[in-house]
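Have the viewer open and click along.

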Amino acid sequence: MRHRTFIEPFKIKSVEPIHMTTEKERQGYLRDANYNTFLLDAKTVLLDFLTDSGTSAMSANQWASIMQGDESYAGSRSWKKMETVVQELTGMEYILPTHQGRAAERIIYGHLGGKGKIFISNTHFDTTRANIEFSGAEGIDIPIPESKDTALLHPFKGNLDTKKLLTLIAKHGAENIGAVVLTVTNNSGGGQPVSMKNARTIHDICKAHNILLLLDCCRIAENAYFIKHKEDGYADKTYKAIAQEMFALADGAVMSAKKDALVNMGGFLALKDPAIAQACTNVLIITEGFSTYGGLNGRDMEAIAVGLEEVFEPAYLTYRIKSTTYLGEKLHQIGVPVVMPIGGHAVYIDAKKLYAHIPPHEYPGHALACELYLKAGIRSVEIGSVMFGKYDKNKQLIPAGMELVRLAIPRRVYTKSHFDYVIETFEEILRTKHEVRGYEIVEEPEFLRHFTAKFEQLLPAEVV
Ligand code: F0G
């Protein structure tokens, strides 16, 4: 029998209670947090879709491995386990453990970057761009044009525009390009996958011009799922073999283990070139820790070694992508404007379309994030003009290109009934959308304002 219903491929051994709240209580909590969901106490949140990073539930095997952690300063057994698993997966010889993804980014981009250097990506994640710019270099994003249309169906909307890549190489000169960085899946572009064909073309271009190709690979297992099911020639390959094929095209990889390694903290840098590895190891030892632990405990390295195997299990990956798709497709069916097709780790809502009556300078995405919390205790994150808006000389807002809200799904944490609760909440959000008003920022810091800015809700016209 073929079942319509997908089920979680696990039983629950240990539970973490959710603190139930009422709408009235949440009004008070959000007011106290100055209408900024980043400033809420996590215990007042029912379903936390702020991020899929570091929020995974670990398996019984991972918890068991933690007791095997070898905390030796040098040459730890746990390090050997992690190193072997990562070498086998990436096919790269030099593995540097770090406490999370951005530490690996700081090390590699600090080494390759500097004034006058250019980095080119399908889309640099914020911390990647920040580390590149911090080194004095410049980051350029060239996703395929199809990625800009949130409703357009395209199987690999995470792809990099290879024509533009050639133009940029001709313009800047190959010697000034620090690296091409392929982010899989493309987080900032909606969690959309990158095809093997695209990765291979980029590899060929980089090889021909002697340019380094790096993978930002924190969701590479999720990316492999899309390749197996959507790209010709991959149906019979295992998810791991697909990931290995992609790693083989790159010269190095940066990983935040907080995503597809199914752990709460960790990361690594993997490299093929001994000279780059040597230079990076020097910085690793100065800033993270000795080369056999980086910024990690022995027990963390054990859990990463196990997680990196579990993430490629077909039952897990199928459930993972199907559950994200389930939530996204259902929202699409009831009329919520979601970014299509649904990506691997998150569902993105186009708040500009949902709240067409709220102009960008009144932050429609922020209004939706507040509504989700007030109505249902759901925490999401605005990826729009609060996060990326800038001011012109006259203090007028220059809005971001899109007003999105991301529901990022922690791995193995929530069940299908939690998703049904979210879907039900959106039915009410659609019914009441015309009553929702925008927000103004009343206090903000100079940088990364979304984390700490204070907001006030705008009053309806007849009250003003
Ligand atoms: N690269 C990508 C594509 C990411 O999504 C992240 C983190 C990082 C690098 C940095 O890794 O957090 O371990 O230092 N993304 C999280 C998110 C924060 O919510 O999307 P980190």
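Predicted model: local features only at pLDDT ≥ 70, side-chain atom pairs only at ≥ 80, totals over all residues.

Residues are numbered from 1 along each chain as its sequence is written, and side-chain values use heavy atoms, with hydrogens and water left out.

**Two domains**

The chain is split into domain 1 (23–52 + 313–457) and domain 2 (60–310), with bounds that come from an automatic or database domain assignment. Their C-alpha centres sit 27 Å apart. Domain 1 puts 25 residues into the contact and domain 2 puts in 28, where contact means heavy atoms within 4.5 Å.

How much area is buried between domain 1 and domain 2? It comes to about 2,200 Å², with carbon and sulfur atoms giving 54% of that. Buried area here is the accessible area (1.4 Å probe) that two parts lose on being put together, summed over both. On the domain 1 side, L317, P341 and R411 supply 24% of what that domain buries against domain 2, more than any other three residues.

R411 turns up again in a salt bridge: its side chain meets that of E222 at 3.0 Å, N to O.

As for which elements do the touching, α12 (314–334) and β9 (346–350) each supply at least two residues of the domain 1 side. Helix α12 gives the most, with 7 residues. Helices (H or I, at least four residues) and strands (E, at least two) are DSSP runs, numbered from the N terminus.

**The ligand site**

There are 17 residues around the ligand, and T51, R102, N187, S256 and K259 come nearest. Near means that a heavy atom of the residue lies within 4 Å of the molecule.

| Residue | Protein atom | Ligand atom | Distance |
|---|---|---|---|
| Q100 | side-chain N or O | oxygen | 2.9 Å |
| G101 | backbone N or O | oxygen | 2.9 Å |
| K259 | polar side-chain atom | nitrogen | 3.0 Å |

V184 and T185 are joined by a cis peptide bond, with omega about -20 degrees. T185 belongs to the loop between β5 (177–183) and α7 (196–209). Another cis peptide bond links M340 to P341, with omega about -10 degrees, and P341 is placed in the loop between α12 and β9. N210 is not a glycine, yet its phi is positive at about 60 degrees; look for it in the loop between α7 and β6 (213–216).

**Salt bridges overall**

The structure holds 21 salt bridges. One of them pairs the side chains of K80 and E83 at 3.3 Å, N to O. These two are 3 residues apart in helix α3 (residues 77–90), so about one helical turn separates them.

Note on methods:
Salt bridge = Lys/Arg side-chain N within 4 Å of Asp/Glu carboxyl O. Polar contact = N/O pair within 3.5 Å; in protein donor to acceptor, adjacent residues only side chain to side chain.
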